[in-house]
Amino acid sequence: MLTFADSKTIGMKRFLSLLFLLAGLTAAHAQDVKLRRQHSFARHVPAGNYSGITHIGDGRFAIVDDKQPDGFYLFHIHIHPSGGKILDIRNEGFMASGQPGHDAEAVVYRPASNTLFVSWEASSQVVEYQLDGKPTGRQLSVPDIFRHPLPNRGIEALAYDPQADCFWLTTESQLPADNAGSADSGCLRLQAFDGQTLQPSRECLYRMDAPRAKRKGRMHVKGVSAMTALPNGRLMVLERECFLPKRKLGAWAECRLYIIDTRAKEVGKRLLAKWRTRNLRFANYEGMCLGPVLDDGRQVVVLVSDSQNQYGSLLKDWFRTLIVRL
């Protein structure tokens, strides 16, 4: 099993070489990344605590809400086929299992079984569902170390790679068992699972950025909130940090989107995009997935924020897209 001592013994030359290959964006590549403005669709999207999203196909997406009973929403998201802008969102209903909620934080679709897998932060489980909301009785065999996270800092991000038939998960913050430094800036375990057996297969290490908030406030949340699988063993990782001052005015949320290569033991990070939202446009992005491919071959990435049920009638359920040529 991979240990955190391993991260200190990785050959420096190899590690620096990996960082050189992955660090930064060239000017040419930067032109292939476009972050669309965020929009809310309150007419058809109920106020929620949206924490995860996955594309089922033909414009249909499953979305989990971490405060709802056990189940998921089905939304139809109409995305412009050439520009990638979200034109409209329609709620097709909530698919309930009839059981209480378990703090659902992420959801992925596995085409081979036509099922969804949802991560439960409250119990550190990842459970399989049919598209009608009923559990199949199967779940990922999550290693015991993931079952003892910091409070409300458990399994937050889940990805599925259909090419390799492989799941990936990680916690929002560093696990207490890996207390080599700050929980907000230490290494996270990225755990892979075989898509057929649902058994753990391998691990790699992901080192988070240091916090950017320089003072104490009413609320400060930082960590990895979402992951999405890309071709050839890569993952797109969303690190987000939210800061609410004691007097509330001046609240901000910053997102940094990285691409990593999971074939390395301790992964390098290449920054793909970053953005910050403030005050009434504050958006805590917790859900991310691949959307459709545009007419020109560029890939749409769909992001959804958690408004805490439109907290205080001030926040909104924001959606946005990022367009990238992979």
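This short talk covers the cavities of one predicted model and one of its sheets.

Some ground rules. Residues are numbered from 1 along each chain as its sequence is written, and side-chain values use heavy atoms, with hydrogens and water left out. The model is predicted, and local features need pLDDT of at least 70, side-chain atom pairs count only at pLDDT 80 or more, while totals for chains, interfaces and linings use all residues.

Cavities to begin with. A cavity is a set of points, on a 1 Å grid over the protein atoms alone, where a 1.4 Å probe fits but cannot get out; lining residues have an atom within 4 Å of a point. Points are joined across faces, edges and corners, and a volume is the space filled by probe spheres set on them. There are 3 cavities of 30 Å³ or more.

What lines the largest cavity, with its volume of about 60 Å³? Its lining has 8 charged residues, no polar and no nonpolar; Asp, Glu, Lys and Arg count as charged, Ala, Val, Leu, Ile, Met, Phe, Trp, Tyr, Cys and Pro as nonpolar, and the others, Gly among them, as polar. Among them are Asp-209, Lys-222 and Arg-256. Strand 16 gives the largest share, 3 residues; strands are DSSP runs of E, at least two residues, numbered from the N terminus.

The second largest cavity holds about 40 Å³. Its lining includes His-102 and Trp-120.

Now the sheet. Four strands form an open sheet, in the order 3-4-5-6, with antiparallel pairing; two strands pair if DSSP finds at least two bridges between them. Strand 5 and strand 6 pair over 8 bridges, and Ile-77 stands opposite Ile-89 in strand 6.

Note on methods
On a 1 Å grid over the protein atoms alone, a cavity is a set of points where a 1.4 Å probe fits but cannot get out, and a pocket is an open set with protein on both sides within 12 Å along at least five of seven lines; lining residues have an atom within 4 Å of a point.
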